[in-house]
Amino acid sequence: MIYLDNAASGWPKPPEILEAMAHFMREVGANPGRSGHRLAVEAARIVYGTREALATLLGISDPLRIVFGANATEALNLALIGLLRRGDHVITSSMEHNSVVRPLRALLRRGVELSVVHCTPQGLLNPREIEAVIRPNTRLIALIHASNVIGTLLPIAEVGRIARRYGLLFLVDAAQTAGAVPIDVEADAIDLLAFTGHKALMGPQGTGGLYIGPRVALDELEPILRGGTGSHSESEEQPGFLPDRYESGTLNGVGLAGLGAGVRYLLEAGVQRVREHELGLTRRLLDGLARIPRVIVYGTKKAEQQVATVSFNVEGMEPSEVGLRLDEEHSILCRVGLHCSPGAHRTIGTFPEGTVRWSLGYLNTVAEVDAALAALASLVESTPE
Amino acid sequence: MPGPDGMAVVLFDSVQAAIQAEHAARAEGIAAKLIPVPRHLSTDCGMALRIPRSEELQVRALLERLGIAYRAVRAL
Ligand SMILES: Cc1ncc(COP(=O)(O)O)c(C=O)c1O
């Protein structure tokens, strides 16, 4: 079996992650924020260790500026719904995932104004077009770091500089890049960074979070959830400090134990090395796809301009048919269709039929890429136009 | 309630700040240990950082340098 669906969830996981989770379940198990006994302290230490590892990975100076939640979707909802009020203007791109688009649509109905900057069919964004739509009431620029459909990287550092120049906040959806591409929230001028644990960060599903930078006033970022935090228990008001203000309810301790192990695995390997490995695989994949007749590849077709996610179609075949036959006849697992991103597919010209998406991770090998290419070639050959 | 001789506790708002402080203090070689907040001091989060009283100034300086918010330091 060849797993090429890492943009949906990374799999398999290195054994360190499973061991950390089993350790938490067997030996720790207590609530990471609610008591002072030794197991509670140990659970809180494990959660803190995950914050610290993520802070190191992402160039965050204070680990307590990371708030944990269930996934990137929750983090993006917190950032968008928590921050934007009637009369605020927000700028985004045409490549965004529904986890940004749908909260923004809901905010539109509450009187928030929205500008969508169009990317090229290759998914490229011209930062000057962002600058051109800034208004006096612009509050936020929200941008996907790399497309989950075609992998194209967006110029976040340049957009970050524009945001700073105009005094705007900058939210980055790093669901597809955290762990796969070097990120530095300070160098890239990012104020809010949403990440998910279960993709390139090597952690389990049900983990993710939001980095909240010092330019975000906490009293202007409303929590989505309010409740028990283990702190200020005498008060019936939500605490105002990080991370408790945005971490009501018991955290996913076992999940965060796994995520911490995943991030430490990446720190040990080095994200630059991860990136180089994935670049090599992507180049090989793009070269191979270009040689198979009737295969149309989307995106820039340049590995350096994207993450290890490639979308294509086969002339004369539906994406769903290609996906099913890859699974049934060749044991190649991938995702077909619209990938929760109708706007991105409109941008690249593949709405509503979608594409076949092969998304690779650090644990994929050259041999798997070659086998997948050979399988696709034989599938195309055996199917008349 | 008398505590161990010559000890103090640092009280925090957030459990995660208490953990951060323990981490930083230990890295400086200070014998710091997280304990349940003594009831007579009872503030908020369930954990406090016990330190030798002789190291109080060093710990305060460390927390301020690292920007770790704490509520108070109390003798045990
Ligand atoms: C670009 C992008 N943003 C957000 C998400 C949402 O991530 P999650 O499903 O973990 O919340 C995904 C993945 O599904 C994604 O690819």
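Are A:Phe312 and A:Trp358 buried or exposed? Both residues are buried, a term that stands for under 20% relative accessible area, whereas exposed stands for over 50% and partly exposed for values in between (1.4 Å probe, protein chains only).

The model is predicted, and local features need pLDDT of at least 70, side-chain atom pairs count only at pLDDT 80 or more, and totals for chains, interfaces and linings use all residues. Residues are numbered from 1 along each chain as its sequence is written, chains are lettered from A and ligands numbered from 1 in the order in which they are written, and side-chain values use heavy atoms, with hydrogens and water left out.

**View 1. The ligand and the residues around it.** Of the 13 residues around the ligand, those that come nearest are A:Thr73, A:Asp173, A:Gln176, A:Thr196 and A:Lys199, where a residue is near if one of its heavy atoms lies within 4 Å. Oxygen atoms of the ligand lie 2.6 Å from a polar side-chain atom of A:Thr196, 2.8 Å from one of A:Lys199, and 3.3 Å from an N or O atom in the side chain of A:His97. On its own the ligand has 390 Å² of accessible area, and the protein covers 88% of this, by the Shrake-Rupley method with a 1.4 Å probe.

View 2. A:Arg325 belongs to helix α9, which spans residues 319–330 of chain A, and helices here are DSSP runs (H or I) of at least four residues, while strands (E) have at least two. With a relative accessible area of 16%, A:Arg325 is buried. Its side chain makes a polar contact of 3.2 Å with that of A:Ser382; such a contact is a pair of N or O atoms within 3.5 Å, and within protein one must be able to donate a hydrogen and the other to accept it. Leaving aside neighbours within four places in sequence, A:Arg325 is in contact (heavy atoms within 4.5 Å) with residues including A:Met317, A:His330 and A:Leu379.

**View 3. Aromatic pairs.** Over all chains there are three aromatic pairs, meaning rings of Phe, Tyr and Trp (its six-membered ring) whose centres lie within 6.5 Å, with planes under 30 degrees apart counted as stacked, over 60 as edge-to-face and the rest as tilted. A:Tyr265 and A:Tyr362 form an edge-to-face pair, at 6.4 Å centre to centre and 70° between the planes. A:Phe312 and A:Trp358 are also edge-to-face, at 5.0 Å and 85°, and this pair links strand β10 with strand β13, the two residues being 46 residues apart.
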